[in-house]
Amino acid sequence: MKLTTLKHALVAGLATAALAGASAAAAQTAVTATLRADQPGAVIQPEVYGQFAEHLGRGIYEGVWVGEDSKIPNTKGYRTDVVEALKAIKVPLVRWPGGCFADDYHWREGVGPRDKRPVKVNVLWGGVEEPNSFGTNEFMDFAELIGAKTYVAGNVGTGSPQEMAEWVEYMVSPTNSTIANQRRANGRDKPWKLDYFGVGNENWGCGGQMTAAHYTNLYRNFAEFVRVPKGTKTEKIAGGANSDDYNWTETMMASAAKNMDQISVHYYTIPTSKWDHKGSATKFDEQLWADTMVQALRMDELVTKHTAIMDKYDPEKRVGLSVDEWGIWHDVEPGTNPGFLYQQNTMRDAVAAGATLNIFHKHAQRVRLTAIAQMVNVLQAMILTDKDKMVLTPTYWVYDLYKPFQGATSLPVELNTPAYTVGKSSVPAVSASAGKDAAGVVHVALVNLDPNKSATVTIKLSGVTGKTAKGRVLTGPTMSAHNTFEAPNAVKPAAFTNASIKGDTLTATLPSKSVVVLDLN
Ligand code: AHR
């Protein structure tokens, strides 16, 4: 198809979708549910709200780190606007330095005086120069600055157990060893808290093209040398499966379960299901909206099946399932470096994020950590930057709404919802989850996946003492509503007034394509 014809077809398609949306606007979905506060589940660990920050595109450089001499307002080199925005959503954990970058990264190149650090080529992501000016000290101090736990991913693909052991020693040793003193000479006296250490990344792919059996042996070998001082704990995370590669999890759990605290899994939502043409982040029709939701909700099946395998080898559920890369992967924004993975972020991304977080709440017993890809300027980002400007994405606002779930106890919600169907793509129209915080307040998250119909949700409350329901809603005028540097507040949460409790029944009417979080007081 010629480009102009394609453009017309797309515009016509969007117009038809808009008309269909208008005629369906009055229609409503009716959903019923039971919230069982009297049957509490596991705690939703704050780390479920973790973020991934890789040396990729403008994720670290420009996105987080501008250097002390930058004209962009910064705090010791970290851009102040981004730091404040991340603190506001209480980012509980950051995973660094990769991703694929991790298995090419040699930590010694990123410590010591910045002007003496070697300049490398980031062969994985755009072939650009990697100045190494953001290294271990900069990462660990950044995590401290925003109050996040640290998750460092080590190098198995091109590294050695010795290099890995010495990196851990550099970060956590309280002794006067030469390596610990090197850290002191580089400006950090006290050991840092290294909360999680990942032994490689995607070692079935960019991390070394290994078989499951080969990586399992290497994992046991490398993990043995991740040694931390007595009385401290660093959780070891094993490199895990590519989405539905259940054989990987089976092989790892059979032979290395006792050597790990968590095992990872990575899953990306590709709206078109085609890696070489994932589709535009902002220009899409309703079919692609629905296809995206189907792909995103696959997370439930993946977590359920990986969990079932883990249950065979670890029935006590000691080992966690760390979904440390997930999110929607679109085509890059036109005109940007294809290796930088810079994409816009719309209500579609927000609705998919809300529904995915609800899945994680349901699986809180196994899923104790996740890291959305990625934090700033890369893939499904929280934040986009352009020189000194910053924009908070719809996905950022979902993380803001969901803050009360960090550390809350997951409560079961039995949902009876009609489907939302377009062509062959069908998903439950509404997704829900609930949690009780330390103060005893119950929070309910409701996501309306239908971009045309509002939904009235009637929830029977079992074991809830709250008498009022107040909260916030995130929605937008169109499926592709998003924030830009020119209009940064187009999509933003607002007070939600369409909920009430009568007796033991909560009723809420959700706008189409919306994410709502309610506090029951
Ligand atoms: O997040 C981008 C890349 O996706 C990561 O580097 C890699 O681990 C995954 O394939």
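Visitor: Does threonine 150 count as buried or exposed, and at what relative accessibility?

Guide: Threonine 150 counts as buried, because its relative accessibility is 4%, where buried means under 20% relative accessible area, exposed means over 50% and partly exposed lies in between, with a 1.4 Å probe and protein chains only as cover. This is a predicted model, in which local features need pLDDT of at least 70 and side-chain atom pairs count only at pLDDT 80 or more, while totals for chains, interfaces and linings use all residues. Residues are numbered from 1 along each chain as its sequence is written, and side-chain values use heavy atoms, with hydrogens and water left out.

Threonine 150 belongs to strand β8, which covers residues 149–153; helices (H or I, at least four residues) and strands (E, at least two) are DSSP runs numbered from the N terminus. A polar atom of the threonine 150 side chain is 2.7 Å from the backbone oxygen of lysine 193. That is a polar contact, meaning a pair of N or O atoms within 3.5 Å; within protein, one must be able to donate a hydrogen and the other to accept it, and residues adjacent in sequence count only if both atoms are side-chain atoms.

Strand β8 is one of the 8 strands of a closed barrel with parallel pairing, in the order β2-β5-β8-β9-β10-β11-β12-β13, and two strands are said to pair if DSSP finds at least two bridges between them.

Glutamate 325 leads on to the ligand, since Glu54, Cys100, Glu202, Tyr268 and Glu325 come nearest among the 13 residues around it; a residue is near a molecule or strand if one of its heavy atoms lies within 4 Å of it. By type, the shell divides into 7 nonpolar, 3 polar and 3 charged residues, with Ala, Val, Leu, Ile, Met, Phe, Trp, Tyr, Cys and Pro counted as nonpolar, Asp, Glu, Lys and Arg as charged, and the others, Gly among them, as polar. Glutamate 202 has a side-chain N or O atom 2.7 Å from an oxygen atom of the ligand, a polar side-chain atom of tyrosine 268 lies 2.7 Å from a ligand oxygen, and for the side chain of asparagine 201 the corresponding distance is 3.1 Å. Taken on its own, the ligand has 280 Å² of accessible area, of which the protein covers 93%; accessible areas come from the Shrake-Rupley method with a 1.4 Å probe, and for residues only the protein chains shown count as cover.

Asparagine 201 sits in the loop between β9 (196–199) and α6 (212–224), and it counts as buried because its relative accessible area is 1%. Its side chain also reaches the backbone oxygen of glycine 99, at 3.0 Å. Glycine 99 lies in the loop between β5 and β6 and is joined to glycine 98 by a cis peptide bond with omega of about 15°. A cis bond also joins tryptophan 96 to proline 97, with omega of about 5°, and proline 97 is in the loop between β5 (93–96) and β6 (120–122). These bonds are worth noting because most peptide bonds are trans, just as most residues other than glycine have a negative phi.

Two residues in other loops show positive phi values. Lysine 90, in the loop between α2 (80–88) and β5, has a phi near 55° and is exposed, because its relative accessible area is 53%. Leucine 379, in the loop between β13 (369–373) and β14 (383–386), has a phi near 50° but is buried, because its relative accessible area is 1%.
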